[in-house]
Amino acid sequence: MSKKVLVLGEAREGALRNVSFEAIAAAKQVSGGGEVVGVLIGDSVQDLAQELSQYGADRVITVEHPHLKTYTSDGFGQAFMAVVEQENPEGMVFAHTANGKDLAPKIASKLQSGLVSDVTAIEGEGDDAEFIRPIYSGKAFEKVRVKDGIAFLTIRPNNIPPLEKGEGGGDVSSLSVDITNLRTIIQDVVRKSTDGVDLSEAKVIVAGGRGVKSAEGFEPLKELADLLGGAIGASRGACDADYVDYSLQIGQTGKVVTPDLYIAAGISGAIQHLAGMSNSKVIVAINKDPEANIFKVADYGIVGDLFEVVPMLTEEFRKM
Ligand code: FAD
């Protein structure tokens, strides 16, 4: 049976996040030829709605309100539930991001629905769709099928390829929702300055661990990341030692990333770190201990001192 599937698009600093397009592609598969309806919630999102509709959504519904400028569980919950009540969907797709991980279970519990979270691939379509997701911190994968009720998913960024951008686009309409009784209204967000590339969507990540030994030790890693147009990441060991900010932590209690290239320098490869990066497409590990656990998940392992190896890699990449 074909389904009507709602997809929550996500924007950051005035631009749609790539995972929104990936979520539309996932929804197409889940819909099995049915209708894919994008949902954009914010303060002023008409232009973004047009863009979202060009990536395969049949329609896009916007909910705009000054109190929805910044994500809050309460505000976005009210807005999204209003769309659900209007549309009565048979499927829903969210991004497995901080916002999606917060909102999807909330909506699922309101609807008394199950939720398949952190999906990395989908096989088949419509009622036959099977969802693949990592379990036990990425040590194994399970295949899940929704037999009854709403096909409700969160998808991990950087795993499901988006559709090509089309020429036209589906209809964009607005739903007016009275956002009331909010427990929090965010007045202003002051962001810590970062070096540009969003870690959770970066195609290349150069990550350092306790082996980097100091905040200054991260400089050669930053140079390599900049050269490759990538982002810096870190193990919790490096964050605990105050070499870098916790916002860069990758792993079970940090960010989950799936870049095309993950370079791990001076990281031992504890299971909690692997949980956040082992699905990266190509993993290069640099460690002076040949027995380090990180080599078990690495596609390429370099046994050596990172302070020699990283500058050598930078030099070689510069020649390309
Ligand atoms: P270490 O284990 O100390 O490894 C340092 C490595 O650097 C060693 O392998 C060493 O051989 C190598 N090295 C040293 N000098 C050099 C050099 N000059 N050149 C090359 N290599 C060198 N960790 C995370 O990363 N992310 C998480 O989200 C996370 N969540 C956790 C949640 C819980 C509940 C718990 C209990 C732990 C969690 N941890 C997490 C911590 C995790 O268990 C490890 O302690 C941590 O990942 C170790 O960081 P590390 O690999 O940088 O340090």
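Four aromatic pairs are present in the predicted model. One of them is formed by Phe80 and Phe94, whose rings lie 5.0 Å apart centre to centre, with 50° between the planes, a tilted arrangement. This pair links distant parts of the chain, since Phe80 belongs to helix H3 (residues 73–87) and Phe94 to strand S6 (residues 91–95), 14 residues apart. Both Phe80 and Phe94 are buried. Together with Phe152, Phe80 and Phe94 make up one aromatic cluster.

Helix H1 covers residues 18–31, 14 residues in total. From the first C-alpha to the last, H1 reaches 20 Å, close to the 20 Å expected at 1.5 Å a residue. The helix is mostly covered, with 11 of its 14 residues buried. Just after H1, Gly32 adopts a positive phi of about 55°.

Thr314 is located in helix H8, which comprises residues 306–319. Thr314 counts as buried because its relative accessibility is 4%, below the 20% cut-off for that class. Leaving aside residues up to four places away in sequence, Thr314 touches Pro220, Glu223, Leu224 and Leu227.

How values were computed
Residues are numbered from 1 along each chain as its sequence is written. This is a predicted model: local features need pLDDT of at least 70, side-chain atom pairs count only at pLDDT 80 or more; totals for chains, interfaces and linings use all residues. Side-chain values use heavy atoms; hydrogens and water are left out. Helices (H or I, at least four residues) and strands (E, at least two) are DSSP runs, numbered from the N terminus. Buried means under 20% relative accessible area, exposed over 50%, partly exposed in between (1.4 Å probe, protein chains only). Contact means heavy atoms within 4.5 Å. The expected span of a helix is 1.5 Å times one less than its number of residues. Rings of Phe, Tyr and Trp (its six-membered ring) pair if their centres lie within 6.5 Å; planes under 30 degrees apart count as stacked, over 60 as edge-to-face and the rest as tilted.
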